Structures are given as C-alpha cells and as structure tokens.
Amino acid sequence: MAPQTPATATSDTLMSLQGITLAFGPKVIQKDISFNIKRGSIFAVMGGSGCGKSTVLKSMIGLLRPTAGHYLVDGEDYWTADPAHRQTVSRRFGVLFQSTALWSSLTVGENVALPMQMLTKMDPATVRSQVELKLGLVDMLHAIDQYPSELSGGMKKRAGLARAMALDPDILFFDEPSAGLDPITSARLDDLILNLRDGLGATIVIVSHELPSLFKIADDGIFLDAKTKTPIAHGAPSWLHDHCDEPQVHAFMHRERETESGRTD
Ligand SMILES: Nc1ncnc2c1ncn2[C@@H]1O[C@H](COP(=O)(O)OP(=O)(O)OP(=O)(O)O)[C@@H](O)[C@H]1O
C-alpha cells in the first residue's frame with residue numbers, strides 16, 4: 001500500500017510544513033517535507049539514524065531556517081513573519097532536548113524558574129508557586145532543591161519536562177524523551193506525555209525511535225529516509241506498522257516491535 005499523503009490543512013491544523021527543504025550550507029538534509037499537525041495531537045518524526053529527525057525539530061522551533069518551503073503556525077508563515085511576531089509564536093514552544101540541557105550549577109527548582117525570570121516580569125513569589133506547580137505535574141516537587149547530578153535519568157527527563165512547561169507552552173517538542181531510560185521509566189514518561197495532551201490540551205511533536213512508546217502515544221507521524229532525503233511514509237505509527245509496505249518502514253516498524261514483544265515471526 002502506498003504511504004498516506006498528508007491531508008490538506010483544515011481548521012484544526014495547528015502547524016503545517018509545506019515543501020520544506022532543510023540544509024546545512026550546501027548539504028541538503030531533507031527536502032519536500034509536507035505535513036500538517038492537528039491541534040491537540042501527538043505527532044512523531046521517525047526514521048533511521050542520521051536521516052534528519054532532529055534537524056526537522058530544530059527548524060520547527062526556530063533554530064534553522066528552511067532553504068525552501070513554508071512553515072505555518074496557526075496559518076501564519078513563521079519565517080516571513082516580523083521578528084516580534086516570530087518571538088510571540090516561539091513563546092508558545094516548550095522544548096525538551098535529548099540531553100535535557102539542565103544547568104548543572106542550578107538546582108531543579110532554579111532550572112525551572114530560569115525561563116520565568118528571564119522572559120517574564122513575574123514576582124519571586126509567583127515564580128516560586130509556578131515552579132512548584134510545574135514540578136508537581138511531573139511528580140518532582142520532592143527534588144526541587146536537588147542538583148541535576150543527584151538525579152536519575154528519568155528524573156532528569158522529568159525536570160527537563162517541567163522546565164519545558166515553565167512558560168505554559170501549548171506546543172511541546174520532545175527529542176528522544178525516552179532514550180536511555182529503562183522500559184518502566186519510559187512507560188511512565190509516556191503516560192506523562194499523554195497527560196499533557198489530554199489534561200492541558202497541548203500539541204506535541206516527538207522525535208523518537210522507541211516503538212513501544214510511539215505505538216502507545218503518537219496519533220500521526222512522518223517517516224524520513226536518509227537515502228532519498230525525503231519523507232517516504234506518513235501516518236500513525238500503528239497504521240504504518242499494519243499497512244505500510246515501504247521496505248525500510250516495514251523493517252523499522254516490525255523488527256523493533258517484535259523484539260520488544262519477544263515475537264519472532
Ligand atoms: N550543524 C550541523 N552542520 C552540518 N551538518 C549537520 C549539523 N547538524 C546535523 N548535521 C547533519 O545532518 C544529518 C541529520 O542529523 P540529525 O541529527 O538531524 O539526524 P537524526 O535523524 O536526528 O539522527 P539520530 O537519530 O542519530 O539522532 C546528519 O548527517 C548530521 O551529520
């Protein structure tokens with residue numbers, strides 16, 4: 001079966017990539033990227049190592065300008081908008097980097113407070129109560145005075161998540177959130193991500209190759225190919241697993257799911 005083609009943008013489309021090309025200097029990483037992300041959905045960017053998943057995310061959060069195409073957020077072109085508008089849109093983004101990027105010299109609470117102190121005029125008492133609220137959401141209030149070096153991998157991710165939510169973003173970007181976590185911690189993080197979508201109505205873009213997690217949480221997604229430097233499949237991970245016969249996508253979707261469940265067929 002041919003890969004699904006991206007649907008036309010509708011009123012529930014929050015973000016739309018239209019014919020995007022991404023390059024570092026002369027080196028094209030991906031081209032002809034087109035997809036829409038629905039408000040309140042979890043969208044996965046998938047593909048083999050080095051195909052450009054993080055680069056797509058980097059561009060969507062405003063760190064890499066495409067060399068062609070349009071990136072619309074709520075119908076407005078992000079890159080041709082004036083810088084003030086772009087900044088307003090960027091304030092809607094919360095980002096959890098693969099490394100978590102917590103400041104090692106600051107406590108968990110200070111890490112979460114930093115974006116509020118730098119980018120808002122909140123008074124210290126409000127900052128403190130917001131920090132406690134965000135840490136409570138990820139079950140990390142008990143670690144408010146701990147330093148990143150004192151945290152487990154899963155706790156670091158949750159602290160990074162609390163910081164990503166510091167400014168109440170409605171669009172969250174996660175780069176490999178469960179990388180390096182054991183299956184139980186990873187499943188807990190999945191539940192947390194689902195809560196962000198269902199409880200806060202956030203729209204989430206996730207880069208991941210963890211199939212159990214993708215099958216559980218993602219509503220839609222795109223599969224990037226390193227060789228042709230283009231997306232080769234579009235759809236929810238479980239749909240791609242069941243219906244996509246593109247060899248590379250099939251191998252990616254089946255090998256890991258079967259390994260995970262112990263199946264060998
Ligand atoms: N700043 C940069 N300058 C030049 N090339 C870069 C830069 N950042 C990434 N690349 C290249 O872009 C390609 C895609 O990298 P990217 O990190 O987006 O892939 P990925 O799919 O996220 O990989 P992985 O799954 O291994 O994390 C790679 O060939 C990488 O070397």
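**Strand pairing, ligand shell and core of the predicted chain**

In the hairpin of S1 and S2, two residues lie between the strands, and glycine 25 takes a positive phi near 60°. The model is a predicted one: local features need pLDDT of at least 70, side-chain atom pairs count only at pLDDT 80 or more, and totals for chains, interfaces and linings use all residues. Residue numbers start from 1 along each chain as its sequence is written.

Strand S1 (residues 13-24) and S2 run antiparallel and are joined by eight bridges. Strands count as paired if DSSP finds at least two bridges between them. Alanine 23 has valine 28 in S2 as its bridge partner. Leucine 17 stands opposite phenylalanine 35 in S2. Both strands belong to an open sheet of four strands, ordered S2-S1-S4-S5 with antiparallel pairing. S2 and strand S5 (76-77) stand at the edges with a single partner strand each, so one side of each is left without a neighbour in the sheet. In a regular strand, side chains alternate between the two faces of the sheet.

A second hairpin is formed by S9 and S10, with four residues between them. Lysine 229, in the turn, has a positive phi of about 60°. Strand S9 (residues 220-225) runs antiparallel to strand S10 (residues 230-234), and four bridges join them. Leucine 224 stands opposite proline 231 in S10.

In total, the chain has nine helices and ten strands. These are DSSP runs numbered from the N terminus (helices, H or I, at least four residues; strands, E, at least two). The C-alpha atoms fill a box of roughly 55 × 50 × 35 Å along the principal axes. Of the contacts with a separation of 6 or more, 66% join residues 24 or more positions apart. A contact requires C-beta atoms, placed from the backbone, within 7 Å.

The ligand is surrounded by Phe24, Lys27, Ile29, Gly47, Ser49, Gly50, Cys51, Gly52, Lys53, Ser54 and Thr55. H1 gives the largest share, three residues. By class, the shell has three nonpolar, six polar and two charged residues.

Buried residues make up 40% of the 265 residues. A residue is buried with 20 or more other C-beta atoms within 10 Å of its own, exposed with 12 or fewer, and partly exposed in between. In the largest nonpolar core, of 68 residues, Val45, Ile204 and Val205 touch the most other members. Such a core is a set of buried Ala, Val, Leu, Ile, Met, Phe, Trp, Tyr and Cys residues joined through C-beta atoms within 7 Å. Leaving out residues up to four places away in sequence, valine 45 touches Lys53, Val56, Leu57, Val205, Val207, Gly221, Ile222 and Leu224.

In H3, the buried residues are Val108, Gly109, Asn111, Val112, Ala113 and Met116. They pack against H4 and helix H5 (153-164). Threonine 120 sits in the loop between helix H3 (108-119) and helix H4 (124-137). Threonine 120 counts as partly exposed because it has 14 C-beta neighbours inside 10 Å. Its C-alpha atom is separated by 8.6 Å from that of leucine 167, 47 residues apart along the chain.

Definitions and conventions: A residue is near a molecule or strand if its C-beta atom, placed from the backbone, lies within 6 Å of it. Ala, Val, Leu, Ile, Met, Phe, Trp, Tyr, Cys and Pro count as nonpolar, Asp, Glu, Lys and Arg as charged, and the others, Gly among them, as polar. Two residues are in contact if their C-beta atoms, placed from the backbone, lie within 7 Å.
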